[in-house]
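Open the model in your viewer and keep the sequence panel beside it. Each stop below gives a selection and then what is there.

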Amino acid sequence: MSVAFQGLAAGGPGLYNALRGAFAAPFRRRSHMVAPDSPFAAELRLSPNHGERLRPLSALILHYTGMPTAAAALRLLTIAESQVSSHYFVDEDGTILQLVSEARRAWHAGHSFWAGEEDINSASIGIEIVHPGHDDPHPFPDRQIEAVAKLCRDICARNAIVPARVLGHSDIAVGRKIDPGEFFPWKVLAERGVGLFVEPAPIVGGETLERGAQGGEVEALQRALADYGYKSPVSGSYGDDTAAVVAAFQRHFRPRLVDGRADASTLETLRALAAGARA
Ligand SMILES: [Zn+2]
């Protein structure tokens, strides 16, 4: 921040706000943050990787870092060369850092889609949760998940984000991303008031739709997944693309078996979830 700009700020909040719009443009690449947006963030560790939001904020996206150490992940998220960032970073001990202002578009989602919208970066807040990922799929520590839960509750309350729009990276980047993983405790978060989750229907076998299936039942499944928000083709033909969407759905909502086959448990869980989203 320049000396001249500090002088304006010293004129008091009224003057500061009146002049801020006129003077904001040259400082757009800089962050004006002096304190975190969330009271639960211990400190700022600002990343240069952010831009203008191109649409209103309406979703919260959860990730795992997928790197061997927290330090390596934090470094990647805060150096300009990486071109990636997130708004928040939650360490294994529950420490929360804020890297990007909630007002800005962070670069965590990449090529993405949900409920008819692309560019989910513009419409979301992203949280990176320290975890090595599928190479070492141990449980997330309790204190880390409790920290994630209180941060998510706070973000959703302040930004009016509805439970059905608290999503995993795997939900919005089907076939490309698998984080935060089928071992992420979505159920625990739901018990803490975060996100939408229904108890998965038991796996009992029975009739299963899978690759190669054709017809009205396949089309109804595809439509139900698309209506929920997934990037699902509606063709009546169960190809690799539909198997990928079903696997993404299972990873979040029926995590005990992620196989891309729409068995009775998957279909029933999707029905119950959709009913919950409409309620
Ligand atoms: Zn991710």
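A residue counts as buried here if 20 or more other C-beta atoms lie within 10 Å of its own. Keep that cut-off in mind for this predicted model.

**Stop 1: helix H9**

Select residues 240–253, helix H9. Its buried residues are Thr242, Val245, Val246, Ala248, Phe249, Gln250, Arg251, His252 and Phe253. H9 has 14 residues and reaches 20 Å from its first C-alpha to its last, close to the 20 Å expected at 1.5 Å a residue. What covers those buried residues? The cover includes strand S10, helices H6 (169–172) and H7 (186–191), and also H8 and H10.

**Stop 2: Leu225 in helix H8**

Now pick Leu225, which sits in helix H8. Is Leu225 buried or exposed? Leu225 is buried, because 23 other C-beta atoms lie within 10 Å. Set aside its neighbours within four places in sequence, and Leu225 is in contact with Tyr230, Ser232, Val245 and Phe249. Next, draw a distance from Leu225 to Thr242. Their C-alpha atoms are separated by 9.4 Å, and the two residues are 17 apart along the chain.

**Stop 3: helix H10**

Select residues 264–278 for helix H10. This helix has 15 residues and reaches 21 Å from first C-alpha to last, close to the 21 Å expected at 1.5 Å a residue. Colour its buried residues: Ser265, Thr266, Leu267, Thr269, Leu270 and Leu273. Helices H8 (216–228) and H9 are among what covers them.

**Stop 4: the six-stranded sheet**

Switch to a cartoon view. An open sheet of six strands runs in the order S1-S5-S4-S9-S3-S10, with mixed pairing. Strand S1 (43–44) and strand S10 (166–168) stand at the edges, each with a single partner strand, so one side of each has no neighbour in the sheet. Zoom in on strand S3, residues 59–64. S3 runs parallel to S10, and three bridges join them. Leu62 stands opposite Gly168 in S10.

**Stop 5: the nonpolar core**

Select Leu60, Tyr88, Val90, Leu151 and Cys152. These have the most contacts inside the largest nonpolar core, which has 62 residues. Helix H5 (residues 142–159) gives the largest share of this core, seven residues. Where does the core lie relative to domain 1 and domain 2? The core lies between them, because domain 1 (32–191) and domain 2 (216–278) both give residues to it. Centre on Cys152. Beyond its neighbours within four places in sequence, Cys152 is in contact with Leu60, Val166, Leu189 and Val194.

**Stop 6**

Most residues other than glycine have a negative phi, and most peptide bonds are trans.

- Gln83 has a positive phi of about 60 degrees although it is not a glycine. Look in the loop between helix H3 (70–78) and strand S4 (88–90). Gln83 counts as exposed, with 10 C-beta neighbours inside 10 Å.
- Ala115 has a positive phi of about 50 degrees and is not a glycine. Find Ala115 in the loop between strand S7 (113–114) and strand S8 (117–118). Ala115 is partly exposed, with 18 other C-beta atoms within 10 Å.
- The peptide bond from Asp179 to Pro180 is cis, with omega near 10 degrees. Pro180 is in the loop between H6 and H7.

**Last stop: the whole chain**

Zoom out. The protein has 10 helices and 10 strands. Buried residues make up 39% of its 279 residues. Of the contacts with a separation of 6 or more, 66% are between residues 24 or more positions apart.

Conventions. Residues are numbered from 1 along each chain as its sequence is written. This is a predicted model: local features need pLDDT of at least 70, side-chain atom pairs count only at pLDDT 80 or more; totals for chains, interfaces and linings use all residues. Two strands pair if DSSP finds at least two bridges between them. Helices (H or I, at least four residues) and strands (E, at least two) are DSSP runs, numbered from the N terminus. The expected span of a helix is 1.5 Å times one less than its number of residues. A residue is buried if 20 or more other C-beta atoms lie within 10 Å of its own, exposed if 12 or fewer, and partly exposed in between; C-beta atoms are placed from the backbone. Two residues are in contact if their C-beta atoms, placed from the backbone, lie within 7 Å. A nonpolar core is a set of buried Ala, Val, Leu, Ile, Met, Phe, Trp, Tyr and Cys residues joined through C-beta atoms within 7 Å. Domain bounds come from an automatic or database domain assignment.
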